[in-house]
Amino acid sequence: MAGQRLAFRIARREALRYKGRSVLSIALLGLPLLGVAIGASAYDTASLSPEETAVQYLGENDAFIEPAFPGEPITQYTWDSEYPWWELEEYDEDKEPRGITHAELLAELPVGSWAVPYSTWNDTGQQVQVETPDGLGDLAVLGYDLSDPTYEAAGFEYLEGSSPVRDEVVLSEDAASHLEVGVGDTITLVKGAATEEHEVSGIVEIPWDINGRFAIAPFFPDGSSGWLVDTPEELTHEDALALNEAGLSVWATLLVDTPPTSPDGGTYEDPMDAAMLTIFGLIVVTVIMEVVLLAGPAFAISARRRTREFALMSATGATPAQIRHTVLAGGILFGLIAALTAVLVGIGVVALGRPLLEQLVGHRTPGLRVLPWLQAGLVAVAIATGLLSALAAAVSASRINVVAALMGRTPGRKGSKRWLVVGLAMVGGGVAAGFAGITIWNLPLMAGAIVLLQLGLVACTPALLALTAKLGRWLPLSPRMALREAGRNRGSAAPAIAAVLGVVAGGMALSLTVAADNVRAESRYEHLLPQGTAALTLHSQVNWDPETDEPEEEVRWDAAELEAETRLGQHLDDLELVRVPISDVGDVCGREADFEPDADLYCSMQLTRPDANMCSYWDAELTTDEAVEAAVAEARDDPRCDETAQSYGYGFYEVPTSTDPKIVATYTELEGDELDAAVAVLEGGGVLVSDPWAITDEGTVVFRQEVSEYVESGPEPEPTVYEVEVPAMAVDKHLLGFARVFLSPEAAEQLAMVESKWSHLYLVETSTEIDGPVDEAVSAALNTDMADGTVWSQFRVTDYNDLTTFYIMLAVAALCALITLGSTAVSTGLIIAEQRRDMTTLGAVGAAPGLRKRFAMWQTIMIAVFGAVLGTIAGVIGYALIREALNRPMMNQYPFETLYGWELPWANFGIILVAVPVIAAIGALVFTRAKLPSERRLT
C-alpha cells in the first residue's frame, strides 16, 4: 500500500505540474461521462412511476373510469396505466357496446360518489375554427365545466385569471401564445359564415399536458372518453372488480401496485423487454469503448513526454511494475476526477434546465432526481475506463530504454508485424463473436464483438500508418512530411486516431439506427399519390338513415365544390380541380336477388392470388412455435411471400375509378407507351393492380366476394362466395395504397361497387408553388365546414418525409462531428506539443513559418480521415449487431413487419468524412503557432 500511496502522490503532483495537459485528459474522459450523467438525471427527473403518473392525472381524486363494454363483464389484466388491458369474459360478436349515462355510472359507484367528464388525452377530436393572427386555424376544445372543484383537485392550475362563466373560455398557455391573447381579450370562433366572440377568463395548465393547445368551456362539445371519479371512501380492488362486472375499466391511484396478469393466468411479460435489455447493454459497451479510445491518446502522449522522468525513476531503482503503477494511478485519479466533475455538472445542468426539460417532455416533473445507482455506477465505470485508458501507456512506459531516454533520444523502433496479426485476429474474432452472439442470442458475445472489433482496428492502425507513409513520395512537401512523421512516430499518431475512431463508431451506429427506423416509419404510410401532390377532399357530415339508406338531408356537393374552388383561387394561380371518382364496396355486392328480401346482409371483398402464386406460409401446419419459425424462414426465401402487416387484409375503401389518362398517370406514375397500355386496359373494362402475383396466366385478376347474413339466434350460415374475373395490368408494387387496385368504371360496375357517399376527391393543379406559408394559408381557408355545414373540406399536400427523424439524424451527426472535432483538435495539439523540438529544428534549418502551419494542418487531416474511416467501419459493424437485436422480436411474423435495414445516412457520412477533416484542417491552420523560439539541446 505504501507503494500505491507513492504512485498516487506522484500522479497528483504531475497533474498539478502540467495543469493544461491534465485538464485535457480529464476533459476527454469526462465529456462522454457528462453526457451520460445529464441523460441519467434528466431521465430520472422526467420519468414518472405508475403511482406518480396516476397522481399527476387524477390528483386528489380516486379513479378514472372508462366504458370498456358497458353491460358486459370484462376481465381487467393491468391496473398501472391509463390504457388498461382488458377482455370480455364471454365474447359475442353479435353484441355491440352500448352507451352509459352519468346516472348509470353513479349507480355503479358507492353512495356519495361524484363524477365529471374527463379524458386522459386532450386531442379528443373535438375542434373549432378560430381566427388567428395569420388567418384561420383549428383549435382543440374540451367541454369541461371548470367551476366543478373536481378538476382543480385533479391538478388544473390557473396561471392567470379564473374559471369561465356564461360564454367565457379558458385557454392553455400555448393556445394563448398562438392566438396572441390574454385574460380579458376575446377570441373569435368561425362557424361557416357566422362568427362568435368569447372572452378569455383565464390561462389554465394541466400538469400532464403543459404543451397542449386547447380551449375549455362547458358549452364546447363533450369528447371525453370517461369520467374522473371522487368517492367518499378509498376505492378498493373489490369496488374495481364490481365496476369490471358492469363493463367499466378502472385506473386508480391505490390500485397501480396490483400485479398485472395475462389470460392464461400467468404474469404478463413484454416480449420486447429482452431485446431492449440487449440493446441497452450494447449501448453501454459502445459508450465505454468510446471513452477508453477518446482518453487513450492523452495518456499515451503524456507518458512519452515523461520518458526522461521514467528513465530517472528506473535509474534510481524503480521497478517496471512501480512505473506502471505510477501511470495507472494517473488514469485512476483522472477517471475519478472526471466522473465526480461530470456527475456534479450533469446534475447541476438538469437542475437549472428543469423548466426546459418539462417543456420538452410535455409534463411537470416531481422534482430533481439523479438516478443514484447509475451515477454511482458511472463513477465506477469512469475509474475503470481511466485505468484502461492508461493501460497501454503504462506498459509502454515500463519498457523504455533508460540510456536512450536519459540522452534525450527516442530509438527508432521497427514496426512489428505482430500487432497487425493480432489486430486482424481480433477483427476476425469480433466478427465470429458477433455471429455467434446473434445465433444463440448472447449479450456477452455481442458486447465482446464490439470490443474486439474496435480494439482490432486500433491494433491494425500502426501498420496502416506505415503503409500509408510510403505514399508520401508522390505528395507535396507538407503532406509528405505529415505522412512520414505519422509512420515514424506511430506511438503518438495511433492513439490519436483511436480517439476519433471511438467517437465516430458510436455516432455512425446511432445514425444508421435512426435512418433505418425512419425507413420503417415511412413503410407504414399508405402510398396513394406521388410526393408533393396537392389534393382536396370533401367529406359528408350528413347522417344516413339506416332504414332507407338515404341521407337525412341533402348533401350539397356542388355548392361545396364551388365554395372550395373559390377559396382555393384566392391563394393559388391557374387553378384546376380534377375530380377523381372513388368507389366503395356495396352493402351486398349487388347480390340481393340471391337472398330473402328481409335478410340482413353484408359483403366483403378481396383481391385474390392464383393457387400457384400463394405464399408457402399459408399452406404450412402452424401448430407449434418451431413450425411457425420454419414457415416464416421458408417464406423469406419465397418471392411470392411479399405481403406486409400494413396492407394485409386491408379492405376496399375509396378506390380510384377512372380512365382519364391524367388521373391514371398521377396514381401509377406511368408515362409514354406504358401509360397508353394502362389506359387501354381500363377502357377495356379492366383494372390496374400493384400485386403482380394476383395476375393469372390469362392476364386477369379474380376478386372474391363474401356475402354473409346476420341471424338473431343460432349459428350464422356460411358466407356465400362469388368470384369476379376482370382483365388486369400490374404496376409498381409500392403504388395504389393498401387496396392495391385502380378500377375502371366498367370493372366497378361489374363488382357492384358504388360511388362513395361519404367523400369527393379532387386533384389540385396550380402554377403556384405550394410551400410552407401557402400550404398553411390554404389549409386554414379550406379545412372548415361548407355548404351550410353539410360538407367538411380538407386540403393537403402529400408528404411522405418525416422531418423530425431527419432533424434527429442531423443533430446526431452534428454532435458526433463536434466531439470528433474536439478529439481531433486535442489529439493533434498533444502531438504538436510533443513535436515542439522537431518544429524548432525545422525553423533552425530554414523552414518557413507557413510550412509549420501546413505541416500541422496535414497532420490534423490525416488523423481525422484515418479515424473517421476506421470509425465508420466499426460503426457499421456495431450497427449490424444492434440491427439484429432490434429485428429479432419481429423475425417470426407473417405477414412481414418491415425490418431494420441498411439505409445509409449520406448526410452523416458527408459531415463526418468530409466536413470534419476540412474544418479541423482550417482550425489547425489558423491556431497553430508558426514561430517558435530556438531551444538548447538537452545533450
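Predicted model: local features only at pLDDT ≥ 70, side-chain atom pairs only at ≥ 80, totals over all residues.

Reader: Thank you. What share of the contacts with a separation of 6 or more comes from residues 24 or more positions apart?

Author: The share is 80% in the protein chain.

Reader: How many helices and strands does the chain have?

Author: The protein chain has 27 helices and 28 strands. Of its 939 residues, 47% are buried. The accessible surface is about 45800 Å², and carbon and sulfur atoms account for 57% of that area.

Reader: May we look at a sheet? In what order do the 4 strands of the open sheet lie?

Author: The order is β4-β12-β1-β13, with antiparallel pairing. The edge strands are β4 (114-118) and β13 (248-252), each of which pairs on one side only. From one strand to the next, the twist averages 30 degrees.

Reader: How many bridges are there between β1 and β12?

Author: Strand β1 (residues 63-67) and strand β12 (residues 226-230) pair over 3 bridges, in the antiparallel sense. As for a particular pair, I65 has W227 in β12 as its bridge partner.

Reader: Which strands does helix α3 lie across?

Author: Helix α3 (residues 50-58) lies across β1, β4, β12 and β13, and it runs at about 105 degrees to β13. Helix α7 (residues 237-245) lies across β1 and β13, at about 155 degrees to β13.

Reader: I should like to turn to another helix. What span should α21 have, given its 12 residues?

Author: Helix α21 covers residues 672-683, and at 1.5 Å a residue it should span 16 Å. The expected span is 1.5 Å times one less than the number of residues. The end C-alpha atoms of α21 are 17 Å apart, which agrees.

Reader: Which residues of α21 are buried?

Author: They are L675, A678, V679, V681 and L682. Viewed down the axis of α21, these buried residues fall within an arc of 155 degrees, so they line one face of the helix. On the other side of α21, the residues D673, D676 and E683 are exposed.

Reader: Why would residues three or four places apart point the same way in an α-helix?

Author: The reason is that an α-helix has 3.6 residues a turn.

Reader: And what covers the buried residues of α21?

Author: The cover includes α20 (661-668), β21 (687-689), β23 (720-730) and β24 (741-743). After α21 comes G685, which has a positive phi, near 90 degrees.

Reader: Which strands does β14 pair with?

Author: One partner is strand β26 (residues 759-765), joined to β14 by 6 bridges in the antiparallel sense. There, T537 has L761 of β26 as its bridge partner. Another partner is strand β28 (residues 791-797), which runs antiparallel to β14 and is joined to it by 7 bridges.

Reader: I have marked I383 for a closer look. Where is I383 placed?

Author: I383 is in helix α12 (residues 372-397). At 28% relative accessibility, I383 counts as partly exposed, because that class lies between under 20% for buried and over 50% for exposed. Beyond its neighbours within four places in sequence, I383 is in contact with I332 and L336. The C-alpha atoms of I383 and I332 are separated by 5.2 Å, although the two residues are 51 residues apart along the chain.

Reader: Is A303 buried or exposed?

Author: A303 counts as buried, at 10% relative accessibility. A303 lies in helix α8 (residues 272-305). Not counting residues up to four places away in sequence, A303 touches F310 and A393.

Notes:
Residues numbered from 1 in each chain as written. Heavy atoms only, no water. Pairing = 2+ DSSP bridges. Helix = DSSP H or I, 4+ residues; strand = E, 2+ residues; numbered from the N terminus. Axes fitted to C-alpha atoms, helices over the stretch in contact; angles between N-to-C directions. Contact = heavy atoms within 4.5 Å. Buried < 20%, exposed > 50% of the residue type's maximum accessible area, 1.4 Å probe, protein only. Areas by Shrake-Rupley, 256 points an atom, 1.4 Å probe, with all protein chains shown as cover. Arc of directions from axis to C-beta.
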